[in-house]
Amino acid sequence: MEAKTETGAGTPRAAQRRPSATLQRRFVPWVPFARGLRDLWQGWRDYRELWISTGWYDIRKRYRRSLLGPFWITISLGAFIAGLSFIYMPLVGGNAENYLPYLAFGFVAWQLISNLVIESSNVFIANGPIIQQLRAPLSIYIYQMVWRHLIILAHNSLIYVAVAVFTGLWPSWQTLLVVPGLILVCINGISLGMLLGTLCARFRDIPPIIATITQMMFLLTPILWHADQLPRRGMLVAFNPFYYLLEVIRGPLLGQAPSLLVWSVATGITLIGFIVALGFFSRFRDRVVYWL
Amino acid sequence: MASVHLANVTVNFPIYDARSRSLKRRAMSVVTRGRVRSDPTGRISDAGHRVLVRALDGVDLTIEHGTRIGLVGRNGVGKSTLLRVIAGIYVPEAGQVAVTGKIASLLGGSLGIDPELSGRENIELRGLYLGLSKAEIRERLEDVIDFTELGPFIDMPFRAYSAGMRARLDFAISTAIAAEILLIDEGLGAGDASFIDKANERLEKLAERAGIVIVASHSEPLLRKTCARAAFTEAGRVLAIGSVDEVLERYNASLAA
């Protein structure tokens, strides 16, 4: 009987019966993640009203005294896409029906992804004064950031409507796949917040490094160009995590279901990224306030 | 029943300057090994790549339900840090912290205040940060606005407020929630005499309802009025706990020395 209990010590069920002091010494797989998970869960359960509001305030205050408000984001993005397509369409050799939606939806998706990466590195630094005054889960600042970008994306969906009407591209069942695509990207946003937010609070050289790399990735990721146009640069696509996360949003918007490979890689990146970020966040979460 | 129990709590603040915060400096310090320097009080050390300030040094403190205690000591002895450890903001490097009871804190600073938002929106925002739901905030909103006496200014952006108006708003929101443990850092900020009276009265009511009140202050009248007991703090330690009069006497003697 005694021996039987010993062999079962690694499983959570057996561990539960033991006093907590013993529990910490034994290796139980979820213990390294407990702190981060608790933070994520409390932020979600108890503070949802807060970060939903602060996400809106972030946008409202930026455009407080302007007439068009947050639609300025959409207008400037639309103008940029129009300018890019005007120059790149002849260069890449596409026509308006194909190239314009490809570029427009790719760029809208890129805006979401790249802003999540860049703002993740500042997520705790920017909220430093609050973190130093308030005991609250740190995840609320991450949720707030992701939520803010979803609101911006909702404004940018006007671009989707405009391009779809202009090129006669009507939504199909495949378009609905954008929902799981967005969920994957949002989970990555949370992971990035946990990982980069924590790391950058400590090392202040990392945010500019991240910003530089992200800027470069805009050119190296197939947004302006098609993946099959540069066969000799296939590596840029195959080993580029941005490509897969972009594709799970752009593909459905173009009415194409992304391939199984794209879905598997995107899901894999999301899972591994989340586990690594959660482990890191669990380890250093309590130190963040000292670094601000 | 509220209770606060600290055992051997030590808090070190790493102080990074622009250079030591960087990766390069970190990489360099591995190669060069940091020199160790220390100050006469032994609270500052240079451990390799960073300077450490010992803010709390093995603090043992037990506060039972029904206690109102003042923290007395010079600037920089760790009073605010102690309050923040009790509030759960700083998790200490060593030692145990066990706090039971809902905490409300007036730690100074403008938590969550956004100068671009109106006074009304700021009340809502602060309420959310303090853990109230939107429905609870709606219930209290009119009371809080009445208390601020800001009238039509409540719908103007916060940046348009004077210092006194800001202090009123700040105080009115922070004291809108009931708590079992009340933490106060320093007294009140700006505000005219009539508001200070009103604020003190409100603080008094709040303190009566709370199980534990901890006040860090240099104001003797505030300490005598609010607290029965006091803790004398110096160099990151709680040296003695006694009646307010005893502790203030000892504190004043230490200032004269």
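A nonpolar core is taken as a set of buried Ala, Val, Leu, Ile, Met, Phe, Trp, Tyr and Cys residues joined through side-chain atoms within 4.5 Å, where buried denotes under 20% relative accessible area, exposed over 50% and partly exposed in between (1.4 Å probe, protein chains only). The model is predicted, with local features requiring pLDDT of at least 70 and side-chain atom pairs pLDDT 80 or more, while totals for chains, interfaces and linings use all residues. Residues are numbered from 1 along each chain as its sequence is written, chains are lettered from A and ligands numbered from 1 in the order in which they are written, and side-chain values use heavy atoms, without hydrogens and water.

The largest nonpolar core holds 156 residues, of which A:Phe124, A:Tyr141, A:Ile249, B:Leu82, B:Leu169 and B:Ile214 touch the most other members. Helix H7 (residues 96-120) of chain A gives the most to this core, with 14 residues; helices (H or I, at least four residues) and strands (E, at least two) are DSSP runs, numbered from the N terminus.

Helix H5 (residues 48-62) of chain A carries A:Trp51 and helix H10 (residues 139-167) of chain A carries A:Tyr143, 92 residues apart; both residues are buried. Ring pairs also link A:Phe80, A:Phe107, A:Trp110, A:Phe218 and A:Phe242 into a cluster.

Definitions and conventions. Rings of Phe, Tyr and Trp (its six-membered ring) pair if their centres lie within 6.5 Å; planes under 30 degrees apart count as stacked, over 60 as edge-to-face and the rest as tilted.
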